[in-house]
Amino acid sequence: MRDAAAVLLDRSGDPTMASRIREAIEQNDNSVYDLHLWRLGPGHHGVIVEVVSDWPQPAQAYRNLMGHISGLWHITIETRLRDYSIT
């Protein structure tokens, strides 16, 4: 029950892997706005990343930036243009 609760509460992500994902994506003007990482099985993780940028790239560009991180199997990338009008 404890393991199921951790998955449902999005607590089972590997903090080291989350840091590696952030480091890979946060280059130039890219910022990780939201990141959800969870374990799918032994050595397999799923990730949803929302990237904010002045010049958003296609999702494949961000997947390529994470290509060296082993264990990522389900990758969803959301991109959006940085909005400077929000205070």
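User: How many aromatic pairs does the structure hold?

Analyst: The structure holds 0 aromatic pairs. Rings of Phe, Tyr and Trp (its six-membered ring) pair if their centres lie within 6.5 Å, planes under 30 degrees apart counting as stacked, over 60 as edge-to-face and the rest as tilted. This is a predicted model, in which local features need pLDDT of at least 70 and side-chain atom pairs count only at pLDDT 80 or more, while totals for chains, interfaces and linings use all residues. Residues are numbered from 1 along each chain as its sequence is written, and side-chain values use heavy atoms, with hydrogens and water left out.

User: What makes Arg80 lie over the face of Tyr33?

Analyst: A charge sits over a ring if NZ of Lys or CZ of Arg is within 6 Å of the ring centre and within 35 degrees of the ring normal. Arg80 lies at 4.3 Å from the ring centre of Tyr33, over its face.

User: Why is the contact of Arg80 with Glu50 called a salt bridge?

Analyst: The term requires a side-chain nitrogen of Lys or Arg within 4 Å of a carboxyl oxygen of Asp or Glu. The closest N and O atoms of Arg80 and Glu50 are 2.6 Å apart, and the pair therefore qualifies. Helices (H or I, at least four residues) and strands (E, at least two) are DSSP runs, numbered from the N terminus.

User: Why is Glu50 called buried?

Analyst: Buried means under 20% relative accessible area, exposed over 50%, and partly exposed in between (1.4 Å probe, protein chains only). Glu50 has a relative accessible area of 16%, so Glu50 is buried. Arg80, at 28%, counts as partly exposed.

User: Which other residue does Arg82 join by a salt bridge, and how do you know that the pair qualifies?

Analyst: Arg82 pairs with Asp54, the closest N and O atoms being 3.2 Å apart. Arg82 lies in the segment after β3 and Asp54 in the loop between β2 and α3 (59–65), so parts 28 residues apart in sequence are tied together. Arg82, at 22% relative accessibility, counts as partly exposed, as does Asp54 at 25%. The whole structure holds 2 salt bridges.

User: How do you know that β2 and β3 pair?

Analyst: Two strands pair if DSSP finds at least two bridges between them. Strand β2 (residues 44–53) is joined to β3 by 9 bridges, so the two strands pair, and they run parallel. In β3, Thr76 is the bridge partner of Ile48.
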